[in-house]
Amino acid sequence: MPTCLYCRATKDSTLFNREHVVPESFGRFRGNFVLKNVICRDCNDYFGRTLDLKLARETVEGLDRYKIGAKSPAQGTRFGLSDTLTARISDGGFHHGARVFWGPSSDQSRLVLLPFPQYGVSDGRETTWFTADALPRREGLSRHGFDLEREITVKPFGIDEDAARAQLGSLGYNTSLERVGETTEGSEINIRLNGSIDRTLRRAVAKIAYNYLAFQYQRIATMEQFTVLRRYVRYDEFLGPEPVTLSNGPLIAGTTPEKAPMAHVVAVENNGDQILGHVTLFFHFRYLVVLADGGFLIKPTMVNQGHIFNADTLEIYQLTSDARRGRPLTPPD
Ligand SMILES: [Zn+2]
């Protein structure tokens, strides 16, 4: 009977599920890397509804899935409403600083930017944006740093004009409103993204690297030197320093954020006594994962492997190793 890579329970093989190394929400690749009889159904279900879901729905990487065309938004698709991904207009114009999110266009063919119901309040200096349900009464604005001796202007955004007048009147504002600008669907707006990478996202990335190790080097991946990483991913246990950090520099020679392919890279390598994983999704961030931090009787020098997952062509290519040049992985010719 197989033993689960994560919870280490030995169960009948009917209690195991297939697990994709790179979650299928990031592409259905030809010859995809699938772990069979490696991860039990309990762990697979847990990952699906926690780590994988958050990685797909609350990250800038998840948002990029809609650029590859394979993914159309559903009615309830929303990006930019979570703690880990927010967006504000950053064009220096009328709506500068207003918060926006992505939702489906009216024909649901693509994601478009949509405004939050909110008000931009100014005393002639900077504009502060309040969501509609958090707008203070006019006389309470001084607590937010406004000078009530000056003229207060309010610009509603994402709110019907009549509804805005009614709400502003009830909160003590002069309702001769400034004109409301329109944000048309699909228009080009500069957006400032504010992303944060929380523990759940780090664990989701660590799982990709560890799944990849298990796919390439199954026997090594089951060793006890990976217990810390395993329990971090599966149980959110934190037994040592944070194993997932962001790393600078290109993972593949010649790639920059501006010239990045629509692709993911997953690689593992030995670094003396450590086993390291490298993950990037759509080349947004380069994550470095410490999969095992020493404790090997024999140094695992054979671990050195990487693949690029092209999200345009849905092909997977092996990266070649060229350690002599100090760059362990380079793309295929
Ligand atoms: Zn399990």
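Which residues of helix α1 are buried? In α1 (residues 41-49), they are Cys 43, Asn 44 and Phe 47.

## About this model

This is a predicted model: local features need pLDDT of at least 70, side-chain atom pairs count only at pLDDT 80 or more, and totals for chains, interfaces and linings use all residues. Residues are numbered from 1 along each chain as its sequence is written.

Let's start with the terms. Helices (H or I, at least four residues) and strands (E, at least two) are DSSP runs, numbered from the N terminus. A residue is buried if 20 or more other C-beta atoms lie within 10 Å of its own, exposed if 12 or fewer, and partly exposed in between, with C-beta atoms placed from the backbone.

The buried residues of α1, Cys 43, Asn 44 and Phe 47, cover an arc of only 100° around the axis, so they sit on the same side of α1; the arc is that of the directions from the helix axis to the C-beta atoms. The face turned away from this buried side carries the exposed residues Asp 45 and Arg 49.

## A three-stranded sheet

Now for some strands. Three of them form an open, antiparallel sheet in the order β7-β6-β8 (two strands pair if DSSP finds at least two bridges between them). β7 (127-131) and β8 (153-157) are at the edges with a single partner strand each, so one side of each has no neighbour in the sheet.

Strand β6 (residues 118-122) pairs with β7 in the antiparallel sense over five bridges. Gly 120 stands opposite Trp 129 in β7.
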